[in-house]
Amino acid sequence: MTEKRERSGWFLIDGLPFWLLNKAINQYSNVLPTFSKLKRHNRLRGFLPVAPNCQTPPSLATLFSGLPSYRTRVSGFECPDFGELPSLKVRRGFDFYDRATEFIWDTWAKDGEDVRLTHVPFADTMKLGTQLKTYAYGYNECVRAAAVWTPAEAEMELDMLAHSLTSDSWSVVSLRQASQWHGRNARGLARLSAKESNRILFSGAWLVTESATHDHHPTNAFPFIGNGIEKLYRSGQFGPTLLQGGNGEAENVFCEGLRIVAAHFTNYWLDEFRNADSGLIISYQPAVDLFLHELIGFMAEDCTHWSPEREAVVFPLFIKILSDLDHALGETIENLSSADRVVVSSDHGMSAIDLVVRPNVLFEACGYLKRTTEGDIDVAGSLIFYHPAESGLVCFNAKLCGLQGVSVERLSTDVLERIQQVTKRVPQILCYPDFEEILAPPNWLTARHFLSVGRYVQAKADLDGALMEPSVKTGEHVVCTNERQLIGTVLDISHEGRNLVDLMEAKQLRALLSPARTRRATSNVVSRLI
């Protein structure tokens, strides 16, 4: 008898915080039956975020490789590139990683197993070769950004878009589907509200890199959306936001737009899981992260953006997004076999924010930061600066500090005291010496210190503007501290569940889905779902 090959899946829900999911389950268990069941069966745990920076690129790089950030070389959403000093260049974290890193899909492919990846970064398709059976990645060129149109504008714009694309360059919404864009229930379109039926939200159009060795495509797939809806919301194009004195209508439109976003990614996950009989399947889902960056502060009671009225608007909208995901997890469980192993996780949690601080404005006011004649940071002439990568990195000019008779430690203490005086929050500077080696600054410049400006405070690297002001976004995840809201979520939805260690490290999650030939038994079966 031929032994059944194993099928393993990883559904990555960006930004789902452990604390907020538990709050949702506790208050809305009746509409979140799958999440509630997983919690009852001890399949829900939190994991510690990646340090020193838990933005999405370093978090995903560590999750998928099992290596700390300094080993993957990814230090933030944007990473410092000290190779072009005195210019302070930055590189995208998704591009600025060590190409020798072995990610989980590389391990599976080396073991001769099939791999299916949808909207997952860092994959080297050439290296995976014939073991890569499905690949889709949409964070490429934006053909048409998300927008708000009248019906007449939508008809004209979509006609132009459909005629400008060929079937070879358009994969998620192909020309054969383009006619479905027209009409009241068009894909990628959502009515802004019943009261304002003359306005339509267009979800955006992106060129998606896609290849497959089979004929199936996601059923009911919506257009890929990389970003844009959150900017429309923040700028008030859906109507006044709650922070602008709105009544919740803008948040409702934003939520419905994100549910369109989520449908595309979720349908990819479900489609691949239904059709793959073996191998590794990894799918990425961004909607929760996009929602919480804008609205989580309205659900955190000690955030100054919070009020009972605002939470009453926002929390039920979050439950709608979770309910859609709950249904998808339920369908996944229905398709499980006894040999399947499936993990659902976030890449980090999400902390509320209510304040923006610009450390460089403070450093310049204190005389610690100097500018060039062009108005940029004078690296050689400044004692300290907050790096434009906005990854938390704060750089000290050790040589200049020595010449002026001030130690890095003394300067650190001074700037922390000054930030605390301004914000009334408690900032920290965390030291990670390993990063200095991989970021490779000149020997007179440090690259090991990461600044957390305090609870619910976001640091911006601007040289101009107010030193401090209320935040427009209400959620963020940058420098990893002991903030409990940054704790991520992991769920084991395998048929035969394993003990999940509470507050495991992010780099340990990869081991839950190691291929059979390299996997070590880490725990015993604790419960069965089906």
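The count of disulfides here is zero, a disulfide being a pair of cysteine sulfur atoms within 2.5 Å. This is a predicted model, where local features need pLDDT of at least 70, side-chain atom pairs count only at pLDDT 80 or more, and totals for chains, interfaces and linings use all residues. Residues are numbered from 1 along each chain as its sequence is written, and side-chain values use heavy atoms, with hydrogens and water left out.

Is cysteine 255 buried or exposed? Cysteine 255 has 0% relative accessibility, so it counts as buried. Cysteine 431 is partly exposed, at 41%. Buried means under 20% relative accessible area, exposed over 50%, and partly exposed in between, with a 1.4 Å probe and protein chains only.

Next, the cores. A nonpolar core is a set of buried Ala, Val, Leu, Ile, Met, Phe, Trp, Tyr and Cys residues joined through side-chain atoms within 4.5 Å. The largest has 97 residues, and Trp10, Phe64, Trp105, Leu117, Phe291 and Phe318 touch the most other members. Helix H12, residues 308-334, supplies the largest share of this core, 11 residues. Helices are DSSP runs of H or I, at least four residues, numbered from the N terminus. Another core, of 41 residues, lies apart and includes Leu362 and Val457.

Last, the helix pair. The axes of H1, residues 18-28, and H12 come within 11 Å and cross at roughly 95°; axes are lines fitted to C-alpha atoms over the stretch in contact, with angles from 0 to 180 degrees between N-to-C directions. H1 and H12 are therefore roughly perpendicular, the term for 65 to 115 degrees. Among the residues that meet are Leu20 and Tyr28 in H1, and Phe315 and Phe318 in H12, where contact means heavy atoms within 4.5 Å.

Terms used
Helix = DSSP H or I, 4+ residues; strand = E, 2+ residues; numbered from the N terminus. Parallel < 35°, antiparallel > 145°, perpendicular 65-115°, else oblique.
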